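Dear colleague,

Please find below the structure that I am handing over to you.

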Amino acid sequence: MRKLYLYLLASALISIVVLGWLLDTLSQQAEPAEDAFAWQAKLLYGVTNQSASIPETLRAAYMEQVSKDFDLPITYSSGDSLALPMELKNQMMQPEGLLLEDDIGYYLLKSAPSLAPDYLELRLEKPPEQYDSDVFLTLAFYAGICTFMWVILAPLAKRLTVLVSVAKQFASGNLSARIEVNHFTYIKDLELTFNRMANQIEKLLAENKLMASSLSHDIRTPVACLRFGFDAAFEEDDIEQVHALMHRMEKDLDQMENMLASYLAFATLEQKSHLLKFAPTELDGYIRNVVEQMAPKLTNKQINASVSVPAHLQMDADPHWLARAISNLLSNACDFADKQIIVSAQQLDHQIEIRVEDDGPGIEEENWAKVFDPFFQEQGHRNRAGKSYGLGLAIVSKVVDWHHGRARVSRSDLLGGAKFTLTFPCKAPRNTVKTD
């Protein structure tokens with residue numbers, strides 16, 4: 001929006017300065033009063049020279065005759081009654097004479113060295129005031145400002161129309177509606193923000209729909225087991241068999257509780273993105289601590305985990321959620337690795353990569369694009385086990401997205417199993433949120 005403010009301010013200033021300069025230039029080019037009486041000045045110049053050759057006693061009569069012949073109000077006046085500074089009297093000796101103005105109009109005074117101090121006076125009609133010209137210049141000024149502002153605001157109005165149209169499409173149910181961002185738009189930040197908002201809403205709705213579908217599907221099995229257990233318990237006379245059935249139903253209830261807890265935790269996960277607290281994190285010691293926390297599971301599975309991180313490699317991250325993502329990857333690797341897991345990190349240009357590799361069977365290439373989807377579980381060797389509901393890698397994807405990074409999976413060149421790579425910018429935005 002700063003770009004929009006600068007354009008509006010610049011357009012207003014440029015339009016006022018440029019139009020003011022143009023109109024001022026036009027007004028200065030208007031014909032001055034001296035030019036309007038050029039031929040009268042030439043005529044009076046000739047009459048003055050002619051009257052200078054006439055005897056002084058006949059000059060008044062001569063001027064009356066000239067005034068009558070040319071139908072001009074020319075009079076011969078004595079210079080003794082003229083109260084003017086010497087500079088103006090000298091101006092009367094110039095060929096163009098001295099032009100003065102009073103309430104009636106203009107009058108032109110002309111004298112000559114042989115005629116001084118006497119002078120000739122020619123009364124001139126005052127030309128009509130240029131009211132029409134002033135009104136035209138004023139209207140032109142405001143019209144020019146409006147034109148400049150229209151040129152600047154027309155693209156803005158067009159982009160706002162596009163924004164309103166796409167917003168209406170999105171509100172009507174077309175969740176794929178997006179704004180095609182124009183590089184010359186004034187509201188590029190607003191358009192990008194709308195697209196990000198639309199992407200987030202579409203993603204959340206898709207996840208909620210998928211979660212509801214998955215929950216309704218997955219919960220049928222423990223519910224059916226409970227129903228079967230109750231029916232069998234009611235028909236069973238042997239108290240020991242009833243206790244066994246009750247024990248089995250208790251496990252089914254535990255499974256349902258774990259399932260609901262996992263689903264609800266994932267459903268509320270997005271709300272926690274606003275509580276991130278970024279801090280500089282030294283990855284070497286940080287990742288080693290995360291691996292040490294996984295030591296009981298690694299020992300139980302008899303898996304060796306090695307860490308390879310350069311010293312002093314640092315990135316801005318939320319320590320809690322980054323550890324959650326790495327531990328999820330380690331837990332996933334523990335479930336399928338045979339003997340070896342490698343955790344490594346390195347900086348490439350302006351990005352930092354964290355990799356978790358195992359020597360297990362790996363993930364089929366056709367499932368690489370789906371493995372981070374919520375509730376996705378690969379068939380075969382990666383079937384559901386224990387309390388896993390296909391949400392671990394989905395949480396990893398969310399955490400990486402919060403850090404403005406990218407998560408991907410491939411096959412490990414070193415160990416032959418799965419290779420998970422998390423790519424982050426060297427510095428993530430510091431959007432710390434205070435909590436009550």
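I begin with glutamate 353. Leaving aside neighbours within four places in sequence, glutamate 353 is in contact with Ser344, Ala345, Gln346, Leu348, Arg408, Thr421, Leu422 and Thr423. This residue belongs to strand 9, which covers residues 351-358. Glutamate 353 counts as buried because its relative accessibility is 12%, and the cut-off for burial is under 20%. Its side chain is joined to that of arginine 355 by a polar contact of 3.0 Å.

The protein chain has a mean pLDDT of 79, with 84% of its residues at 70 or more. Over residues 381-386, however, the pLDDT is below 50, and the model gives this stretch 14 contacts beyond near neighbours in sequence. Residues 429-436 also stay under 50 in pLDDT, with 16 contacts beyond four places in sequence. Where pLDDT is low, the predicted coordinates should not be read in detail.

I turn next to the aromatic residues. Tryptophan 321 is buried, at 7% relative accessibility, and tryptophan 402 is buried with a relative accessible area of 7%.

Phenylalanine 372 and phenylalanine 420 form another edge-to-face pair, at 6.0 Å centre to centre and 85° between the planes. Because phenylalanine 372 sits in the loop between strand 9 and helix 13, and phenylalanine 420 in strand 11 (residues 418-425), the pair ties together parts that are 48 residues apart in sequence. Phenylalanine 372 counts as buried at 12% relative accessibility, and phenylalanine 420 is buried at 1%.

The structure also contains an open sheet of four strands in the order 1-4-3-2, with antiparallel pairing. Its edge strands are strand 1 (74-77) and strand 2 (98-101), each of which pairs on one side only. On average, neighbouring strands of this sheet are turned by 25° against each other, direction ignored. Strand 1 pairs with strand 4 (residues 119-124) in the antiparallel sense over four bridges. Serine 77 has tyrosine 119, in strand 4, as its bridge partner. Helix 4 (residues 59-70) packs on the sheet and touches strand 1 and strand 4. The direction of helix 4 makes about 170° with that of strand 1.

One further residue deserves mention. Serine 51 is found in helix 3, which spans residues 38-52. With 0% relative accessibility, serine 51 counts as buried. Not counting residues up to four places away in sequence, serine 51 touches Arg59, Tyr62, Met63, Leu115 and Leu120.

With kind regards

Methods: Residues are numbered from 1 along each chain as its sequence is written. This is a predicted model: local features need pLDDT of at least 70, side-chain atom pairs count only at pLDDT 80 or more; totals for chains, interfaces and linings use all residues. Side-chain values use heavy atoms; hydrogens and water are left out. pLDDT is the predictor's confidence in each residue, from 0 to 100. Contact means heavy atoms within 4.5 Å. Helices (H or I, at least four residues) and strands (E, at least two) are DSSP runs, numbered from the N terminus. Buried means under 20% relative accessible area, exposed over 50%, partly exposed in between (1.4 Å probe, protein chains only). A polar contact is a pair of N or O atoms within 3.5 Å; within protein, one must be able to donate a hydrogen and the other to accept it, and residues adjacent in sequence count only if both atoms are side-chain atoms. Two strands pair if DSSP finds at least two bridges between them. Axes are lines fitted to C-alpha atoms, for helices over the stretch in contact, and angles run from 0 to 180 degrees between N-to-C directions. Rings of Phe, Tyr and Trp (its six-membered ring) pair if their centres lie within 6.5 Å; planes under 30 degrees apart count as stacked, over 60 as edge-to-face and the rest as tilted.
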